[in-house]
Structures are given as C-alpha cells and as structure tokens.
Amino acid sequence: MVTHTLADGTRKWDRRTTGQRLVHWFGWLIGVAVFVYAWNEISKVTTWFFVWDAPRIASDIFGRATPPRWSYMDQLWEPIWDTLNIATLGTIAALFMAVPVAFLAARNTTPSKLFIRPIALLIIVSTRSINSLIWALLLIAIIGPGVFAGIVAISIRSIGFCAKLLYEAIEEINEDQVEAITATGASRWQVMAFGIVPQIMPAFAGIAVFRWDINIRESTVLGLVGAGGIGLQLSASLNTLAWPQVTLILLVILVAVVIGEWVSAKVRGMII
Amino acid sequence: MTGTSVSELDMLIGNRWKKPPLIKRQWLRWVLVLGALAYMVAAIGSVEVNWARVYQGLDRGAAFVAAFASPDFVTRATDIREGMIESILMTIAASVVGITISIPIGLGAARNIAPLPVYLVCRGIIAVSRALQEIIVAIILVAIFGFGPLAGFLTLSFATIGFLSKLLAEEIESMDKVPAEAVKATGSRWGQWINYGVQPQVMPRLIGLSIYRIDINFRESAILGLVGAGGIGATLNTAFDRYEYDTAAAILLIIIGIVMVLEYLSGVIRARVQ
C-alpha cells in the first residue's frame, strides 16, 4: 500500500507500488500466455466440425434418450445392491487398513519419525493420488472382473484419504489427557485405548461416513471398467446405444448419490 | 454370607470403572449391532469371489509389484509424453476457465450478497455440477463433442465450477461483515465494494482452494482418457490391456510424482497467503 501526492496537492491512495504492479502484471501476462498456449494445443487436435454440429447431436441424443425405459428397472435392483456393497464393504476394509497407517504417520504416535513415518506417508500419497478407476483397471487385470475387484479398488483408494484425515486428527489431540492416562501407569496400548482413541472417535466416525458418501459415487462408475455394480449396466447400455436405458441408469445414480449425501450429512450432524 | 460381604466390599471400594457406551439406549444399540451384522452377512454372502482366479492372478500381481521396481519409461516414451502433456494442458485450461466462471457463480450463491433469484439459480448450477461425476459428464460430452481433449477440458471445467463455487460461497457467507460495511459506507460502487470489502477477506481461501482444485483436476484428467476424453488415461488403459505392467508402472509413478509436487507447492503457497 502506498500514497502519493497528485499535481493539485491532494494525496491519492494506491494498493500497490509501481514495482509491485509491474510484478503483478508480469505474472498475469505469463498466466494468460500459458492458458492461450494450452487452449491452442487443445483446439489443434479438436475436430471443430463435430463441435459446430454438437447442438444438433445433443438434441438428437436427448430425443432418443427420453423418456427413460422404466421397465428396465427390474434388472437394476441387483446392480444397485452390488454398488451399495462395493461402497460399504470397501469403506470398512479401508478403515481397517487406514487406522494403523494413520497411527504410524502421526507425529505424536509414530514409533519412528525417521523410518516408519515416511513409509506411512508414502502409502497415503500413493493410494490417494491414483483414482479408484485406475485401481479397478489394475485389479481386474490381476484378480479378474467382478464385484470383488471393485471392493478392493475402493478400499485401496480410500486408505490414503482416511489415513490422512485421521492422522491430522491424531496430531491435534489434547496431550494432557494422554499424560494423565500415562501417569496412572498405563501401558502403551492402554494409553492408546483410553487416552487417544476417545479423542479421535468423533473425527473417525465423521471421516468414515464422509468417505462412504464419496465411495457411493465412485462405485457407481467402477463398472465402466468391469468392476461390478451399476456401471456395468451403464457401459452395456452405452455400447448398444440403448439411450433410454442410459437415462434411467443416470437417474438411478443421481438418486443414489443424493441419498448417500443426505445420509452422510445426517449421520455427521448426529455425531459432531 | 459371602454374598453380603462382597456387596459390602463393593460399597466400600466402589464398582470397577466401565467405559460408558457410545449409544446410551440399550435396545437401539442392539438393533444397530444386529442390523449391521445382518447386513454384513447378506453383503458378504452376495459377493462372489472366484478364489481360483484370484490365486492365478497373484503371479500377475507380483509381476506388477516387481514392475514398480523397474518401470519402463522408454519403450512407449512418445505415447507417455504426449498423453502427459495433453493431461497437463487440459488441467491448465480447465482450471483457468473453471475458476474464472466459478467466481461470479460463487458470488451469486452467497446469500449475504446476492438477491434471492440469483442465489437460487447459482445454487442450482452448483447442485447439478456436484451431483454428476466427472466420468459420467465426460461420457455424455464425448458423445456430443466427439473424442479428444476438448470433451475432457469441458468436463473438468464443469466439475471445477461445482466444487469451487460452493466452497467460495460458503466462505463469503461466513466472512466478517464489518469491513464490507465500512467500504460500503465510503460510498463505493458495487464493484468497488466487492473488490475492497469482500475480496481481501476470501482471497487467501480462494487461492488455496484453486490450487487444491488444480491438483484434483490433474488426478481426474488421468482417468478421462478411459472414456475417450483425452489425456494419459488412454495410454494407461492400453498398457493394462496389453499387460505391459512396466509401462503402466512408469505412468503411475509419473502421476504420483506430479501429484506430490503439486501437493508440496500448494502447501507452500497456502502457507504464504494465509
């Protein structure tokens, strides 16, 4: 912030000095240049004819896709059940794996900051940065297509997410309570069970429900690569261009996502 | 005789401490536990696992783990490079466009600065964008716009809007009213009011969220290729289909590396602006 005197003697306030302004504009210039370059590269490989034709195609698809084929619902109940199971069992399995990882990653509970903590952090980063669809692709190649691959994919993907939030919660606990329990002569495990666990329990429950909500979303599309659930029907309908079925499946997914979000918001409201 | 003495002893030293249960009502506790057990039995029972197939696959799993130790960046270097560049370009373009659009929508979705009709429209856009997942939007857009990174770019922009506008609106709704009112009291126009009264309060959070979203966009761009929306996903899919685990491992390692760099950068930048 700077003020300077104008020719007529009044003082004028400015947010930035001239130097700051130059740096600011230079930053913007580089940003815009990068964006223009990125846009050019994308537009180079785009078939613009299709894009100009898009409104017609869109209305054509919309015409084919409505009304949804409601009778197809009979065949969807089982995939919906599978999808729910993938999300729920995947979340439960993930929590079992995430808890030890979180305790190993938190600064105040890790047995060794030098060796074990980096390994735990590496597990967290690598499982988090790879999408569940990619995990599903990989697992299908290894253990074959089906619901089981979906469950494992969801659980691996969720480890990093749950462990990261959980270890942050562990690092934020009140040390006084831990000290009080230690002072009673409790063993390491008793300190864990009575000093640390009660403090992170609300966070843990919140994380579990939050991740379950996300997993409901993700498990609906896992079938696109063959990992079970309603995505299988979606991909089959897309491949046969059965648009009315696609609409119905998308509606079902939308409803599932909304219900999942509602349940998770309710449960979190009750806990926290 | 002994019974009474025990109870007298109990009165003297008190009962052994027991952990209070999480749910106080006993019947509710039992209903929940039994319900959960019944669900687990039903769910696990309905999952068919072909253990023979899993057992066969263990070799391939081991091969994949081994591939991580010796990733092959060379054989498909051109494919990997082109795919990665496309992913990065999509991420950049979509983040810029998405963030630019989500700022006005975020302003419109904040109840304390937007009139009701605008608020409802903006909240509606956010709800639609958040309810549809990236991959489904990508399928629809690929059907409409054809294969290629344009569909991916549009998908990511659309997803960015839902994410960023919602969080920005929440930030604006919880801001401190006093500075905004002070700026308004100087007789500023609407644009000046937003720029000097509201913007400085939400800017640190907006920058942090934007960088977080760039990180997410990059991760998502890696899978859009599975449905033909451009980026590294197509190369990755091909590598898996051909059981070229060393190439797949190389791609995954690059993705993990870039995500780690982005996360580190976002940590540094967020620490600086906050």
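Start by selecting helix α6 (residues 132-143) and helix α7 (residues 147-171) of chain A, which pack at an angle of about 135° with their axes 8 Å apart. Helices here are DSSP runs of H or I with at least four residues, numbered from the N terminus. Axes are lines fitted to C-alpha atoms over the stretch in contact, and angles run from 0 to 180 degrees between N-to-C directions.

This is a predicted model, in which local features need pLDDT of at least 70 and side-chain atom pairs count only at pLDDT 80 or more, while totals for chains, interfaces and linings use all residues. Residues are numbered from 1 along each chain as its sequence is written, and chains are lettered from A and ligands numbered from 1 in the order in which they are written.

Stay on the helix pair. α6(A) and α7(A) are oblique to each other, a class left over once angles under 35 degrees (roughly parallel), over 145 (roughly antiparallel) and 65 to 115 (roughly perpendicular) are taken out. Now show side chains: from α6(A), Trp135(A), Leu139(A) and Ile143(A) are among the residues that meet α7(A), whose own contacts include Phe148(A), Val152(A) and Arg157(A). Two residues are in contact if their C-beta atoms, placed from the backbone, lie within 7 Å. By class, this contact has 11 nonpolar, two polar and one charged residues. Nonpolar covers Ala, Val, Leu, Ile, Met, Phe, Trp, Tyr, Cys and Pro, charged covers Asp, Glu, Lys and Arg, and polar covers the others, Gly among them.

Next, select Thr66(A) and Pro67(A), joined by a cis peptide bond with omega about -5°. Pro67(A) sits in the loop between α3 (54-65) and α4 (77-105) of chain A.

Move to Leu241(A), in the loop between α10 (230-239) and α11 (243-271) of chain A. Its phi is near 55°, a positive value in a residue other than glycine. Most residues other than glycine have a negative phi, and most peptide bonds are trans. Is Leu241(A) buried or exposed? Leu241(A) counts as exposed because it has 11 C-beta neighbours inside 10 Å; the cut-offs are 20 or more for buried, 12 or fewer for exposed, and partly exposed in between.

Now bring in chain B. The contact between the chains takes 43 residues from chain B and 45 residues from chain A. On chain B, elements supplying at least two residues each include α2 (26-46), α4 (77-108) and α9 (190-224). That side has 31 nonpolar, eight polar and four charged residues.

Finish at Ala182(B), in helix α8 (residues 177-185) of chain B. Ala182(B) has 12 C-beta neighbours inside 10 Å and therefore counts as exposed.
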